[in-house]
Amino acid sequence: MFDFSSFNVVKDSKDFFIGIRKSKVGENFEFCLPHGFDNFPEGDFNAVRDLFFKMYRTFRKFERDNLDSNRFNRNQPDFQREQDQTTISSGGVKIQTEEGDVCVLYSKIKMIERVLEAYDDLAINSIQKKVRRSEDIDYSQIHKYLDRAIYLNDDVIYVEAMDLPCLTIRYQSTDIVNLYCYILDEIVEQLNGDVPDNIKARNQEIHFLAQGFKEDYLTSNQSIFDENTFEETINVLKEALDNIDKNTYYKDTDYWGIYEAIETFLYGDLNPEKGDGEVWGIHGFSVIWEDMCHSYFFKKYRNEICYADTDIPLKDYNNPEREEKEKNRVGNCKANGGFTRWNQWVYSTDSNSSKSLGKVAEKFKWDEMLCIEFDLNDGTLVYLHPKYDKLEKRNRSQALRRFLRPDLILESKIKKIDNKVIEGNFIKIIDYKDVPLEFYKNKELDPNSDNKYRLDIIKQLTYEYALQQTHEVSGSEFFIPYYYNVEPSNPLGELELELNLNGIVIFRANFSLIQNIYLEDNL
């Protein structure tokens with residue numbers, strides 16, 4: 001298992017990788033952190049450990065939420081360049097987004113996965129009832145053990161142990177089960193109970209058996225994931241496994257399944273030759289950051305959401321627009337513009353703008369409001385005398401249209417101008433950006449950043465322009481990840497007051513808070 005104290009913490013890696021990989025120099029691992037983690041403490045074992053397990057849970061949730069949805073399609077290799085794709089390889093899961101960006105998700109760490117997958121009630125019970133050496137003597141079977149007997153004076157024989165079926169009572173398991181349950185219990189604690197249902201159902205029993213091993217082999221303060229006792233504890237577990245294996249007389253598939261899970265955990269490493277891939281993590285964390293942010297807003301501000309470019313699943317969510325197996329997904333209408341890749345569904349509510357002036361006025365949906373139209377036909381606009389206006393009488397059937405897709409539009413009843421609060425009906429446009437704050441402060445530092453910087457602003461201003469035709473926009477934000485080592489006054493985060501990009505503000509979102517909300521559905 002990893003020694004978290006040996007990780008080289010890397011902030012804002014140049015290749016945009018988030019996760020763990022072998023260092024380019026030496027044999028150590030480097031832990032590449034998400035953007036915005038400049039304040040993350042250096043050399044803090046507990047902070048690194050906690051972040052690792054949270055990122056591990058985050059990757060697993062993202063994979064679980066999306067691999068069986070229409071968002072990522074499994075395609076044949078010949079068609080993978082034409083469509084969004086998901087392909088399984090020995091290194092993990094490869095995903096190509098709508099924009100053509102490739103993100104590679106290595107979601108499996110065999111050291112942890114093998115321990116979680118090895119838990120089987122039948123196998124555990126089977127090992128507990130196996131034939132094994134016993135100090136009890138069954139005299140009716142003594143004739144079968146004469147070849148092992150010690151012959152004493154006066155024709156007395158001594159049989160030290162017999163191989164008898166020992167039907168043990170509950171919680172009197174063999175040491176291999178106790179050792180396995182101890183490791184599993186420690187992992188369950190670090191994952192905050194975010195484990196498969198079969199393990200959740202037996203959590204108390206696992207903890208009981210784990211305590212039995214700890215009482216026999218460890219002191220009260222020892223732990224696999226404790227900074228001060230990590231190395232010592234792992235050595236004790238290795239020695240215990242070796243002794244158990246040497247003294248276990250009967251070994252079958254159940255025994256070997258648990259033994260190999262323990263061995264992989266104690267001696268395992270990221271090993272490309274065993275299918276782990278050279279790294280564990282992701283290129284292209286932005287797709288996960290978007291899901292994290294959407295989860296936060298749907299859980300905290302669902303009634304204020306006008307539009308969201310997402311189809312995330314939510315626990316206990318019931319969507320009347322979807323078939324049974326997709327009832328927990330938030331998307332309630334297909335995206336406009338014939339768009340069939342990536343997110344086919346978006347979330348959109350009725351706006352307060354009407355399509356007609358009839359008795360029963362039908363409302364535009366917010367996804368319809370996000371339309372930019374370009375018409376090459378001539379038209380006459382007479383501003384002071386609308387009756388001569390011919391602009392709206394054009395044949396617009398051949399006009400070019402594009403439906404925009406900002407990440408989020410929120411309805412707001414107030415806006416602030418120069419510390420003054422003004423009441424009214426306003427909307428706020430938010431776009432999630434997985435970039436460091438420095439990207440907006442010093443884009444000149446990276447020549448490749450200039451194009452993205454320019455396009456991000458153009459897109460955001462275009463969203464604002466489209467909605468300003470019918471609504472007053474109270475704010476336009478870039479929502480970027482940020483690690484706070486001290487809790488901000490606003491738990492969600494703070495504005496970067498020094499930056500204003502053509503009216504667009506930068507909001508430093510509290511990564512830890514948003515991640516915790518994102519992971520709530522798993523508990």
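What is the handedness of the crossing of H1 and H2? In this predicted model, the crossing of these two helices is right-handed. Helix H1 spans residues 45–66 and helix H2 spans residues 110–118, and their axes come within 13 Å of each other. Two packed helices are described by the angle between their axes together with the distance between the axes. For H1 and H2 the axes cross at roughly 65°. Angles of 65 to 115 degrees count as roughly perpendicular, and H1 and H2 are therefore assigned to that class.

Val156 is found in the loop that lies between strand E8 (150–151) and strand E9 (157–158). The relative accessibility of Val156 is 41%. Because buried residues have under 20% relative accessible area and exposed residues over 50%, Val156 counts as partly exposed.

For Asp316, phi is near 60°. Asp316 is placed in the loop between strand E12 (305–308) and strand E13 (333–334), and with a relative accessibility of 76% this residue counts as exposed. For Asn502, phi is near 55°, again a positive value in a residue other than glycine. The loop that holds Asn502 runs between strand E22 (493–495) and strand E23 (505–510). Asn502 is likewise exposed, its relative accessible area being 56%.

Asn502 also takes part in a pairing across the sequence with Leu461. The two residues are 41 residues apart in sequence, and their C-alpha atoms are 8.3 Å apart in space. Leu461 lies in helix H12, which comprises residues 449–468. At 32% relative accessibility, Leu461 counts as partly exposed, whereas Asn502 is exposed.

A further pair was examined at Cys32, a residue of strand E3 (residues 29–32). Cys32 has a relative accessible area of 0% and is therefore buried. Lys14 is 18 residues from Cys32 along the chain, and a distance of 10.0 Å separates the C-alpha atoms of the two residues.

Methods:
Residues numbered from 1 in each chain as written. Predicted model: local features only at pLDDT ≥ 70, side-chain atom pairs only at ≥ 80, totals over all residues. Heavy atoms only, no water. Helix = DSSP H or I, 4+ residues; strand = E, 2+ residues; numbered from the N terminus. Buried < 20%, exposed > 50% of the residue type's maximum accessible area, 1.4 Å probe, protein only. Axes fitted to C-alpha atoms, helices over the stretch in contact; angles between N-to-C directions. Parallel < 35°, antiparallel > 145°, perpendicular 65-115°, else oblique. Left-handed = near helix turned anticlockwise from the far one by under 90°.
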